[in-house]
Amino acid sequence: YANMRYKPMKWKIIADSGCDYRSLDNLAPDTEFVSVPLTIQVGETIYRDDAQLNIDQMMDEMYATTTASKSACPSPDDYMKSFEGADNIVVTTTGTLSGSYNSAKIAKKMYLEEHPNSKIHVIDSLSAGGEVDLIVRKLNQLLAEGLDSDQVVDAITDYQSKTKLLFVLAKVDNLVKNSRLSKLIGTVVGLLNIRMVGKVSHTGTLELLQRAREQKKAIKAAFDELIKAGYNGGHITIAHHNNEKFIKQFSEN
């Protein structure tokens with residue numbers, strides 16, 4: 001056994017923690033999934049966005065502090081380490097919303113200098129959360145079909161052109177702290193129980209679509225925007241934190 005050569009995995013699906021998955025069930029044969037965490041600074045505390053993150057604690061501290069919270073993307077070295085042990089690698093990043101895409105591209109260049117036979121495709125999702133989740137799920141399905149590297153890249157590129165991300169915000173505290181929203185608007189949103197309904201644009205920026213009073217109207221607005229975006233059936237992923245009521249009401253539409 002000592003003389004047996006280590007055989008690498010055929011595939012690795014890698015996503016930064018802008019993807020909600022920390023592990024992936026029903027992986028395609030000979031495939032591994034790796035989550036590469038971002039870090040989040042809230043006040044003086046640095047949180048690592050991995051499976052051990054205490055989200056409730058972080059959110060409580062975020063609302064309590066008067067300073068803006070900041071995120072830091074994985075380093076090229078973080079990505080280099082995640083690449084090890086596979087012949088074909090697909091990386092999904094949060095793109096325009098962070099420096100994660102650039103880190104992954106730098107890591108790809110460095111890794112290929114040492115492993116020229118590897119194939120690495122870095123996806124700029126131009127998004128985060130649920131849309132990245134959809135891309136990761138689709139990648140796993142494609143690998144399960146036994147496609148080769150070029151076929152996977154073509155198929156996931158086509159699929160990504162058809163995915164969208166909508167969001168509904170009940171709190172805008174951190175947008176105010178980051179000066180992306182005025183204090184006056186932030187105060188009005190809180191006092192009048194307004195929900196901000198928006199989308200991620202094709203360039204990866206956040207765009208406000210509607211303002212809605214109360215949750216039921218926000219759900220209707222989100223559903224209307226879903227139809228406007230061209231949805232006519234198919235998988236929907238909803239990412240939320242402690243908001244089962246929203247999920248139930250949205251699903252009943």
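This is a walk through the structure above, from its overall make-up down to single residues.

Keep in mind that this is a predicted model, so local features need pLDDT of at least 70 and side-chain atom pairs count only at pLDDT 80 or more, while totals for chains, interfaces and linings use all residues. Residues are numbered from 1 along each chain as its sequence is written, and side-chain values use heavy atoms, with hydrogens and water left out.

Let's start with the big picture. The protein has nine helices and 10 strands; these are DSSP runs numbered from the N terminus, with helices being H or I of at least four residues and strands E of at least two. Of its 253 residues, 38% count as buried. Here buried means under 20% relative accessible area, exposed means over 50%, and partly exposed is in between, with a 1.4 Å probe and protein chains only. The exposed surface comes to about 14800 Å², and carbon and sulfur atoms supply 50% of it. Those areas come from the Shrake-Rupley method with a 1.4 Å probe, and for residues only the protein chains shown count as cover. As for contacts (heavy atoms within 4.5 Å), 63% of those with a separation of 6 or more are between residues 24 or more positions apart.

Now for the inside. In soluble globular proteins, nonpolar side chains tend to be buried together. A nonpolar core here is a set of buried Ala, Val, Leu, Ile, Met, Phe, Trp, Tyr and Cys residues joined through side-chain atoms within 4.5 Å. The largest one has 18 residues, and Val136 and Leu139 touch the most other members. Two or more residues each come from β1 (9-16), α4 (130-144) and α5 (149-160), and α4 gives the largest share, six residues. Leaving out residues up to four places away in sequence, Val136 touches Ile13, Ala15, Cys19, Tyr21, Leu24, Phe33 and Thr92. There is also a second, separate core of 14 residues, which includes Val34, Ala86, Ala104 and Tyr111.

A pair of aromatic rings is described by the distance of the centres and the angle of the planes. Rings of Phe, Tyr and Trp (its six-membered ring) pair if their centres lie within 6.5 Å; planes under 30 degrees apart count as stacked, over 60 as edge-to-face and the rest as tilted. That rule gives two aromatic pairs. In one of them, Phe83 and Tyr111 sit edge-to-face, at 5.4 Å centre to centre with 85° between the planes. Phe83 belongs to helix α2 (residues 76-83) and Tyr111 to helix α3 (residues 100-114), so the pair ties together parts that are 28 residues apart in sequence. Tyr79, Phe83 and Tyr111 together form one aromatic cluster.

What about α3 as a whole? Its 15 residues reach 22 Å from first C-alpha to last, close to the 21 Å expected at 1.5 Å a residue (the expected span is 1.5 Å times one less than the number of residues). Ser100, Ser103, Ala104, Ala107 and Tyr111 are buried in α3. They cover an arc of only 95° around the axis, which puts them on the same side of α3; the arc is that of the directions from the helix axis to the C-beta atoms. An α-helix has 3.6 residues a turn, so residues three or four places apart point the same way. Asn102, Lys109 and Glu113 are exposed on the other side of α3.

Asn88 is in strand β6 (residues 86-93) and counts as buried at 13% relative accessibility. Beyond four places in sequence, Asn88 touches Lys10, Trp11, Lys12, Lys119 and Ser149. Arg195, in strand β9 (residues 194-200), is buried with a relative accessible area of 13%. Among the contacts of Arg195 beyond four places in sequence are Val168, Glu214 and Gln215. Gln215 is in helix α8 (residues 214-228) and is buried at 15%. The C-alpha atoms of Gln215 and Phe246 are 7.6 Å apart, although 31 residues separate them along the chain.

Finally, check the backbone at Asp30, where phi is positive, near 60°, in a residue other than glycine. Asp30 lies in the loop between β1 and β2 (31-36) and is partly exposed at 36% relative accessibility.
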